[in-house]
Amino acid sequence: MASPGIVRLMADLWKDEVDGIHPIVDIDTGEVTYPEANARLDERDDSAFEVLETLAEQNRLHREFQEKQYICPQCTAKGMQYTSACPSCGSPETTRTERYRHTACGHEGLHDQFVDDEEVVCQECEISLNSLEQLESDTAHVCNNCDVIFQTPDHRLRCRDCHLVTHPMQSTERILYQYYLTPQGEEWIEEQLTARQAVAETLQNRTLQTDIDTTVTNGSDNDIPVHISAYDELLNDHIIAAVHEQPDESAITNLLRTAADVDAQAILATTSGTVVGEDVDQLVTNDRLTILQVTAGGTLNHDYEVVADPTTHNSFVGRIASIFEPQNG
Ligand SMILES: [Zn+2]
Ligand SMILES: [Zn+2]
Ligand SMILES: [Zn+2]
């Protein structure tokens with residue numbers, strides 16, 4: 001399932017500590033960030049975008065359209081800007097203006113061709129007019145690059161970085177979403193938090209100093225986020241525990257690596273009662289590791305099964321739990 005950072009993120013959504021995750025677009029650079037997610041994820045988690053998209057794929061978050069972003073086909077900078085452009089020379093250096101027409105003589109021109117020293121005069125028939133309102137007018141665009149006057153500009157996108165001006169079809173579209181918890185997501189996070197609490201209480205009941213969602217410090221002074229860290233000062237016993245819905249090879253490898261790094265025993269708790277992977281036999285029999293199932297009622301036991309493929313629920317390779325003697329308690 002999920003790293004401590006992802007659990008933190010989901011838990012805060014569930015507890016309404018945060019009302020959805022919103023993308024913020026930097027106006028100058030076009031860079032997109034998700035501050036509410038970044039504040040909760042750990043450095044070693046994937047990028048906020050990857051985490052949110054994965055949770056959306058798992059139906060734990062749903063996405064709501066916020067805006068569309070265009071990515072430069074030349075330099076891949078994000079957030080191209082809309083610009084109108086001259087249909088004749090392609091330059092974005094065009095200005096919107098009014099075009100006037102004197103209906104009596106048919107003379108056409110821009111503002112300056114009718115207004116002279118604040119007097120309104122038709123240059124063709126030299127008739128003085130009370131105001132510009134006596135003229136027909138419509139919107140026109142003037143190209144400052146090639147001087148062409150035109151009715152409808154082309155729609156173009158301009159890169160803030162490399163200044164490429166391109167047709168919108170040539171750029172890559174990216175939709176920015178806001179993310180909210182789904183009912184499945186609520187159910188999932190509640191189950192994970194309940195399971196984590198059950199594991200923590202079990203350790204606490206054995207008088208270990210237990211911390212939830214904390215870090216452990218390894219030999220090279222790095223703080224590694226863990227779901228649970230439990231410590232017996234007298235006996236100098238240290239246990240770290242991870243809770244997953246369906247722990248897989250990478251979850252077990254990560255847990256064992258951290259355990260070895262801080263010289264601790266490891267508890268891997270599975271809330272589904274399964275461990276997923278084709279080649280996890282070596283890992284699950286590691287001396288450092290105890291795998292426990294956490295039931296919906298919050299009790300812990302040694303019954304779990306290894307399944308090769310989580311999508312085909314019945315194709316488990318073997319029930320490994322039976323080869324272990326249950327430990328006391
Ligand atoms: Zn032009
Ligand atoms: Zn005229
Ligand atoms: Zn560019």
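Predicted model: local features only at pLDDT ≥ 70, side-chain atom pairs only at ≥ 80, totals over all residues.
Residues are numbered from 1 along each chain as its sequence is written, while chains are lettered from A and ligands numbered from 1 in the order in which they are written.

Let's start inside. A nonpolar core here means a set of buried Ala, Val, Leu, Ile, Met, Phe, Trp, Tyr and Cys residues joined through C-beta atoms within 7 Å; buried means 20 or more other C-beta atoms within 10 Å of a residue's own, with C-beta atoms placed from the backbone. The largest such core has 32 residues, and V199, I240, A241 and A269 have the most contacts inside it. Among the elements giving it two or more residues are helix 5 (183–205) and strand 17 (237–244). Strand 17 gives the most, with five residues. (Helices are DSSP runs of H or I, at least four residues, and strands runs of E, at least two, numbered from the N terminus.)

Leaving aside residues up to four places away in sequence, V199 touches I228, A241, V243, I267, A269, V294 and L300; contact means C-beta atoms, placed from the backbone, within 7 Å. Apart from this core lies another, of 20 residues, including V7 and A48.

Now for the strands, which pair if DSSP finds at least two bridges between them. Strand 10 (residues 136–143) runs antiparallel to strand 5 (residues 94–102), joined by eight bridges, with E98 opposite T139. Two bridges also join strand 10 to strand 11 (residues 149–150), again antiparallel, and there H141 stands opposite F150. Five residues separate strands 10 and 11 in a hairpin, where D147 in the turn has a positive phi of about 65°.

Note on methods: Buried ≥ 20, exposed ≤ 12 C-beta atoms within 10 Å, placed from the backbone. Contact = placed C-beta atoms within 7 Å.
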